[in-house]
Amino acid sequence: MCTKTKIINKFKSKIEKNNLIEKNDTIIVGASGGPDSQFLIYLLNEVKDYYKINIVLAHLNHLHRLDANEDEKLVEKTGEKLGFKTFIDHKSMDDYAKKEKISAENAGRILRYDFFRSIKNKYKNANIAVAHNKDDQAETVLMRIIRGSGLDGLRAMDYKNKDIIRPIMDFTKSEILEFLDEEKISYHIDYTNLETDYTRNKIRLEIIPEIEKINPNFKNSLISLSEIAKSDYKIIRKVEDKKLEKILIKKDKNHISFDKNEFEEISDALKARLIRRAVEFLYGNINDFSKTNIDDFIKIRSLENGKKIIKDDLIFEKNYRSYDFYIKRKTIEKNLKEIYMNLNDKKIFGNYKFKTALVSYDFYKNSSKKNRVFYSLENLDDISIKIRYRVNGDYFTAMKNGKRKKLKDFFIDEKIDRKDRDKIPLLFLNNKLAWIVGKRRSEDFKVKYDDTNILMVSVEEL
């Protein structure tokens, strides 16, 4: 017999050990009407006053079974009985699977979590609670083994993953059913869970029972494997973090750059893990990236600078000073448009805001030169200030003796990657290239002692 007090104490212990619930949280419960879901709802009801939490039920009818309306009615009835606000919606997982060309199982999962998060957005301090149990965790580990997962996959499900919490993952199915029967709590059985059309059902109904004939403790062995993988993962993660801190030179939502020299010095095994980290950051997961894909990315080291390896819309590129991961965007147009500026003017060009102003010699001498350039102009009544991107044949005055240099050669000498060259604005004064913005100014229009007509051009990256 499993006593109610024992179950509740175990539940609270797991919540606190894994920091799943904070006081005054709102918990959006994925309510299916099945035994696991009902068990979770009633346990949360038992601790709601202790944690001062707001509980909300969310049920998505997948329109997949003829008796699905019975699940919906039970969730509604449970919400009314316990005084919980209940949200219900209807979306066909079969239609969505057909539309997206994915499995019905995966379609149902996507639709459910989209629905849960749409509700979560209505509340502050909200998390989504789902009713995965210990048996589910064991099945997940075995599924990952069958699919050839690495260490990360063997960790299986976490008690907490961003906004998802799994408070009953330490309870077995037998514990759950015993509690529900003792407390006379209603639940519905999804008959599709008894069919072997789905991979998980086949594992649950056929494969695990056969293995348990050899090892009756097989599920616990799988759970132990998951815990070992989690412990080892934490150790490896620390090594990764330390190395990542050293090699990472840029990180934004669409672009990650590794220092070239630092990246090339590490082992292929660590390269693979850091590549996985980059992919996970840019995509949110690594579900569609196999070991073969990662191995292909590692081969980029043997390629020439400027070469790329592409997987779907993700590009891994080798450059002069870096290895760059980025999501493919529309090709940047060779922007042959140009903007003209007046004195004491402000204009935006690309990702930059430019300002022009006339300043005194004292201001020039005493001001910061960061993101600013100064030019001496003889005739302010006839001045052309133009900004554009590069075109073939551009050059600038590179030496005090008037010697010119091709812009292309400058980019090569400075090891500026090809992908960046078309993004650098160029400032022209009287049709002379006066400033390769952020990189180099020309030797033309140099300020001389006590000049009066000094043009300042400043730039700010947006």
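**Close-up 1. An open sheet built from five strands.** In this predicted model, the strands line up in the order E12-E16-E19-E20-E21, and their pairing is antiparallel. Out at the edges sit E12 (339–341) and E21 (440–441), each pairing on one side only. What holds strands like these side by side? Backbone hydrogen bonds do the pairing, and it can be parallel or antiparallel.

**Close-up 2. Where E12 meets E16.** Zoom in on strand E16 (residues 385–388) and you'll find three bridges joining it to E12, with the two strands running antiparallel.

**Close-up 3. Helix H2 and its bend.** H2 covers residues 35–51, so count along 17 residues as you follow it. From first C-alpha to last it reaches 24 Å, close to the 24 Å expected at 1.5 Å a residue. Still, H2 bends by about 35 degrees at asparagine 45. Because 13 of its 17 residues are buried, H2 is largely enclosed by the rest of the structure. Just past the end of H2, lysine 52 takes a positive phi of about 55 degrees.

**Close-up 4. Inside the second largest pocket.** This pocket has a volume of about 1,100 Å³, and 32 residues line it. Which residues lie nearest its centre? They are Lys250, Tyr352, Asp420, Lys423 and Glu461. Strands E7 (248–252), E8 (255–259), E11 (322–327) and E22 (454–461), along with helix H16 (418–421), each supply at least two residues of the lining. Sort the lining by type and you get 15 charged, nine nonpolar and eight polar residues.

Methods
Residues are numbered from 1 along each chain as its sequence is written. This is a predicted model: local features need pLDDT of at least 70, side-chain atom pairs count only at pLDDT 80 or more; totals for chains, interfaces and linings use all residues. Side-chain values use heavy atoms; hydrogens and water are left out. Helices (H or I, at least four residues) and strands (E, at least two) are DSSP runs, numbered from the N terminus. The expected span of a helix is 1.5 Å times one less than its number of residues. The bend at a residue is the angle between axes fitted to the seven residues ending there and the seven starting there. Buried means under 20% relative accessible area, exposed over 50%, partly exposed in between (1.4 Å probe, protein chains only). Two strands pair if DSSP finds at least two bridges between them. On a 1 Å grid over the protein atoms alone, a cavity is a set of points where a 1.4 Å probe fits but cannot get out, and a pocket is an open set with protein on both sides within 12 Å along at least five of seven lines; lining residues have an atom within 4 Å of a point. Grid points are joined across faces, edges and corners, and a volume is the space filled by probe spheres set on the points. Ala, Val, Leu, Ile, Met, Phe, Trp, Tyr, Cys and Pro count as nonpolar, Asp, Glu, Lys and Arg as charged, and the others, Gly among them, as polar.
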